[in-house]
Amino acid sequence: HVQLTESGGGLVQAGSSLRLSCLDSGHMFSGFTFAWIRQAPGKERYLVAAINWDGAKTHYAEFVKGRFTISRDNAKNTVYLQMNNLQPEDTAVYYCAADIRHYYTSYVRQDVRDYESWGQGTQVTVSS
């Protein structure tokens with residue numbers, strides 16, 4: 001059973017940084033691939049970043065490369081998203097999600113539909 005809780009969102013000015021955290025209170029955290037997915041009002045969900053079980057494989061959307069970094073601490077059952085140089089277009093609800101159908105993979109899935117277990121989301125708002 002996976003239960004994900006995000007934190008760390010907020011209102012910041014353009015150029016600022018935030019670090020999002022996702023705590024998993026389930027039992028198989030270390031085996032799953034996790035992703036951060038965002039959704040802005042009126043827009044579809046986009047996979048921002050993903051990380052496999054040991055952190056050896058990551059994937060980033062083109063629009064965040066060089067600005068965002070995904071990481072995980074399996075001892076703390078936590079996934080992070082460090083977001084630097086935030087821009088107004090980064091404003092969205094950010095969700096943490098887990099690919100719970102595949103364990104200990106050497107790859108990350110890049111389709112939002114592959115992530116079945118989601119948290120409630122945390123709002124990130126960037127003002128210009």
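**Charged residues and their pairing**

1. D90 and R67 are both buried. Their side chains meet in a salt bridge, with an N to O distance of 2.7 Å. This pair links distant parts of the chain, 23 residues apart: D90 lies in the loop between β8 (78-83) and β9 (92-99), and R67 in the loop between β6 (58-60) and β7 (68-73). The model is a predicted one.

2. The count of salt bridges comes to 7. Among them is the pair D111 and R113, whose closest N and O atoms are 2.6 Å apart. D111 counts as partly exposed because its relative accessibility is 29%, whereas R113, with a relative accessible area of 67%, is exposed. Salt bridges that share partners also join R38, R67 and D90 into one network.

3. E116 forms a salt bridge with R101, the closest N and O atoms being 3.4 Å apart. Both residues lie in the loop between β9 and β10 (117-118), and 15 residues separate them. E116 has a relative accessibility of 45% and is therefore partly exposed; R101, at 45%, is likewise classed as partly exposed.

4. Which side chain of opposite charge is nearest to the buried D24, which has no salt bridge? It is R72, at 7.2 Å.

5. D24 is placed in strand β3 (residues 18-24). Its side chain reaches the backbone nitrogen of Q3 at 3.3 Å. Beyond its neighbours within four places in sequence, D24 is in contact with residues including V2, L4, F29, F34 and N77.

Technical notes:
Residues numbered from 1 in each chain as written. Predicted model: local features only at pLDDT ≥ 70, side-chain atom pairs only at ≥ 80, totals over all residues. Heavy atoms only, no water. Helix = DSSP H or I, 4+ residues; strand = E, 2+ residues; numbered from the N terminus. Buried < 20%, exposed > 50% of the residue type's maximum accessible area, 1.4 Å probe, protein only. Lys, Arg positive; Asp, Glu negative; His and termini not counted. Salt bridge = Lys/Arg side-chain N within 4 Å of Asp/Glu carboxyl O. Polar contact = N/O pair within 3.5 Å; in protein donor to acceptor, adjacent residues only side chain to side chain. Contact = heavy atoms within 4.5 Å.
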